[in-house]
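Hi,

Here is the structure I promised to pass on.

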Amino acid sequence: MKNLLKLLLLSASLLLQSGSANAQDRKIEQAIKHRKAAFTLMATYVNRMVQTVEGHRPFDVKRMIQDARTVELLSKLPWEGFVEGSEHGDTRAKDDTWFERDRFDRYANELQAKSVRVTAAAESGDLKQLSNAVGQMREVCNGCHKVFRKG
Ligand code: HEC
């Protein structure tokens, strides 16, 4: 039984290795992982801000400023993961991302600009301002997803 398990594990790891046999495949896989990780982290902090402006969390100004600054930083990170060839693989990015790169980049830049304004709004300590700024930022998230993300 133990030997059978070992054999299964060995063949599974061999399969995995042959699946990403060449360095180019690995590079693309890493790029896709990189951008998804950046988006996932971004969503964690954005969701916390959304819950706050919607009244489901107490308005903690210090925390909001920290979260906004974190999103500002994270909003710079996904883009380097959109490398040539990474339209194939474990990804929901549409091919258009590469065909309409200018439009995609405009959304990416817009997100970074909006996230700077979210930080300024958080620093103002005014919940209404924060709410508006977060709303505008989310419009950019959703706008880009509609055009460039499957599902
Ligand atoms: C410039 C376009 C663009 C903008 C702006 C954008 N996204 Fe995305 N997002 C994408 C694309 C494309 C994917 C699909 C990535 C993939 O599967 O390779 C994605 C994927 C995601 C995912 C899924 C990650 C995963 O693990 O599959 C989350 C969560 C996400 N975005 C959240 C956000 C949030 C929150 C914002 C705004 C703060 C945002 N995105 C802004 C294009 C964008």
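**What I found**

Leaving out residues up to four places away in sequence, Met64 touches Met49, Thr52, Ala122 and Leu130 (contact here is C-beta atoms, placed from the backbone, lying within 7 Å). Met64 sits in helix 3, where helices are DSSP runs of H or I with at least four residues, strands are E runs of at least two, and numbering starts at the N terminus. Met64 counts as buried because it has 25 C-beta neighbours inside 10 Å. The cut-offs are 20 or more other C-beta atoms within 10 Å of a residue's own for buried, 12 or fewer for exposed, and partly exposed in between, with C-beta atoms placed from the backbone. His88 is 24 residues from Met64 along the chain, and their C-alpha atoms are separated by 37 Å.

Before I go on, two housekeeping points. This is a predicted model, so to speak of local features I needed pLDDT of at least 70, and side-chain atom pairs count only at pLDDT 80 or more, while totals for chains, interfaces and linings use all residues. Numbering runs from 1 along each chain as its sequence is written.

**The chain overall**

The chain has six helices and zero strands, so the order from the N terminus reads α-α-α-α-α-α. Its radius of gyration is 20 Å, whereas a compact globule of 151 residues would have one near 15 Å (taken over C-alpha atoms; the globule rule is 2.2 Å times the number of residues to the power 0.38). Along the principal axes, the C-alpha atoms fill a box of roughly 65 × 40 × 25 Å. Of the 151 residues, 23% count as buried. Among contacts with a separation of 6 or more, 74% are between residues 24 or more positions apart.

How does the span of helix 2 compare with what 1.5 Å a residue predicts? Its 31 residues should span 45 Å, and the end C-alpha atoms are 45 Å apart, which agrees; the expected span is 1.5 Å times one less than the number of residues. Buried residues of helix 2 include Ile28, Arg35, Tyr45 and Val53, and what covers its buried residues includes helix 3 and helix 6. Lys27 is also in helix 2, but counts as partly exposed because it has 13 C-beta neighbours inside 10 Å. Just after helix 2, Gly55 takes a positive phi of about 85°.

Helix 5 has 24 residues and reaches 35 Å from its first C-alpha to its last, close to the 34 Å expected. Phe104, Lys114 and Ala122 are among its buried residues, and the cover over the buried residues of helix 5 includes helix 3, helix 4 (96–99) and helix 6. Gly125 follows helix 5, with a positive phi near 75°.

For contrast, look at Leu5 in helix 1 (residues 2–19). Leu5 is exposed because 9 other C-beta atoms lie within 10 Å. Its C-alpha is 51 Å from that of Ile65, 60 residues away in sequence.

**The core**

Which residues touch the most other members of the largest nonpolar core? Out of its 18 residues, they are Val71, Val118, Leu130 and Val134. Helix 2, helix 3 (61–74), helix 5 and helix 6 each supply at least two residues of this core. By nonpolar core I mean a set of buried Ala, Val, Leu, Ile, Met, Phe, Trp, Tyr and Cys residues joined through C-beta atoms within 7 Å. Apart from neighbours within four places in sequence, Val71 is in contact with Met42, Tyr45, Val46, Ser115 and Val118.

**Around the ligand**

There are 23 residues around the ligand, and Phe39, Thr91, Tyr107, Cys141 and Cys144 come nearest (a residue is near if its C-beta atom, placed from the backbone, lies within 6 Å). Helix 2 (23–53), helix 5 (101–124) and helix 6 (127–148) each supply at least two residues of this shell. Helix 2 gives the largest share, with eight residues. The shell divides into 15 nonpolar, four polar and four charged residues; Ala, Val, Leu, Ile, Met, Phe, Trp, Tyr, Cys and Pro count as nonpolar, Asp, Glu, Lys and Arg as charged, and the others, Gly among them, as polar.

Best wishes

Technical notes: Two residues are in contact if their C-beta atoms, placed from the backbone, lie within 7 Å.
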